[in-house]
Amino acid sequence: MQLRDPRLCFLPFIYNHRYYSSCTGDASENKKLWCATTGNYDTDPQWKYCTLTEYGGNSGGQPYVFLFDYKGRTYYSYSNDDEETGKFWCATTGTYDKDEKWSYCADIKMASIMGFLMYSWVLLPLLTADEVPRPCVLPFIYNRKAYYSCTADGSQDKRLWCATTLNYDRNPDWKYCTLTEYGGNSGRQPCVFPFAYKDRTFYSCTNEDAQIGRFWCATTGSYDKDKKWSYCADKRLYANQIGPCVFPFIYNGKRYSSCTTAGASTGKLWCSLTNNYDTHHKWTYCDPSEPRPCHFPFIFKGKSYSACTSEGAGDGQLWCATTANYDTDTKWKACSHQEYEGNSNGQACVFPFIYKNQTFYTCTNEDTKGGRFWCATTGSYDKDKKWSYCADTRQHGINMGPCVFPFVYEGKTYSSCTTAGSSTGKLWCSLTSNYDTDPKWTYCDPSEPRPCHFPFIFKGKSYSSCTKEGDGARPLWCATTADYDKDSKWKACALQEYEGSSNGQACVFPFIYKNRTFYTCTNEDTGDGRFWCATTGNYDQDKKWSYCADSRDQQQSSDDDCNSINEI
């Protein structure tokens, strides 16, 4: 062989019908490492001896600094950006933009560079070469203090950094923390949370299956399906919040099979990273990277779903897609079983509630930027301004929004909830002004079924019957406590009987109950205090009943002499 002018190694290259992805000593009489400078030495025998160290540049061949900034970007390997000959170069300080110090790359390290580029494009993070940046070790000790995430303490330029050993005081190895995702096979795309990996749910980065411990994340909702990933920005990492949610888990002796707000003063959803939080205290917030509502209906494996489902979930969680077609978009979220966040810190919804003078028996996404559904947590948002995000399990397809009063059903106008057309006798309202032409509706189900409380106080005035005084489109209503001004608790007054074993059939008076005669409704033996009546003359014999219309006079006690007469 004869030494030629230094040129760029061509990797991989063919020699003697064999692929070489790095410099080699094969066939070298003095065992010096060499490489081909063409793709096929067998057909075009051009070559050079490999340089063993950095060389040239304006730093006199100083060794490289693996992590450096160039033109506002952070580099984790050599680069041939802006190099006319295509040779790889590196900065020899951490900030090329400031110091402009560089060297050409040692040829013997080219294999690790090419391997880094090819391997990170195709496979999971399993690199072990010394040139791969070591991961942050969390927690680490610095100045006798434990750090659970990147810090700027002790940094003259205030850049975030972390130790790459457990104790910086004893072994001062460190690195600057990366601020964005990098590497991987998705072109440095940001993390997507949650993501599925091995049929488990991750709301945080993981170093599972990464031999040198670097943390990574999927860049779609499912690594299992799409195999797309990036290395995580170090600033995402926190020592006690890394790994998959474990379902079910134990918290305060209770079993949870999904993210929960239990114990969270802020009402944020969280999960345990072990099967028993009470003994291990490791957890993470269930924070999606793109907060979006469930999209109903959605397609999963060619089938349409109009509610949360556990189909396809390896850990049995209920979930929903956040776009119309999961099969094409792989965007999803775990369904929350309870209200969360908002300015009431996850307090439960109160239905009905008033918003902009409209009556809501469902959650709404009106006036929310991301389209997520919310509810008031008192009977009037307009009055109290208290709200939470709704549990996803409350949402079902198109039946969301305010009741519209009045509305038309089968040609008749209704100004309150009705049982008309309901085989079960349940009260309902239309979500459009004309159900006949636009059939959207919802049940008028209060979150806390209670009777009217007569008399009640509203704006300092006493009411002894249902009223329409008050907010805009609110139907005939009553308070369910003695003082609406204080409690904001109310219900829409039913103008007809509803539900019960007779599915809302009208009251029959008098009727017999426990061998007594009743001429009015009674709340005897009802757990929630609501008034009811028999729908035949003898409840003892027929067991037929309905809840009473609130518009009936219910002020007298059910055991008043005028209301019930003991049979002789």
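Me: Why is E448 called partly exposed?
Reply: Its relative accessible area is 45%. Buried means under 20%, exposed over 50%, and partly exposed lies in between (1.4 Å probe, protein chains only). So E448 counts as partly exposed. This is a predicted model: local features need pLDDT of at least 70, side-chain atom pairs count only at pLDDT 80 or more, and totals for chains, interfaces and linings use all residues. Residues are numbered from 1 along each chain as its sequence is written, and side-chain values use heavy atoms, without hydrogens and water.

Me: What makes E448 and K489 a salt bridge?
Reply: Their side chains meet at 3.7 Å, N to O. A salt bridge needs a side-chain nitrogen of Lys or Arg within 4 Å of a carboxyl oxygen of Asp or Glu, so the pair qualifies.

Me: Why is K489 called partly exposed?
Reply: K489 has 37% relative accessibility, so it falls in the partly exposed class.

Me: How do you know that K426 and E499 form a salt bridge?
Reply: Their closest N and O atoms are 3.8 Å apart. That is within the limit, so the pair counts. The two residues are 73 residues apart and link distant parts of the chain.

Me: Why is K426 called partly exposed?
Reply: Its relative accessible area is 21%. K426 is therefore partly exposed.

Me: What makes D226 and K225 a salt bridge?
Reply: The closest N and O atoms are 3.2 Å apart, so this pair also meets the definition. D226, at 23% relative accessibility, counts as partly exposed. K225, at 37%, counts as partly exposed too. The structure holds 23 salt bridges.

Notes
Helix = DSSP H or I, 4+ residues; strand = E, 2+ residues; numbered from the N terminus.
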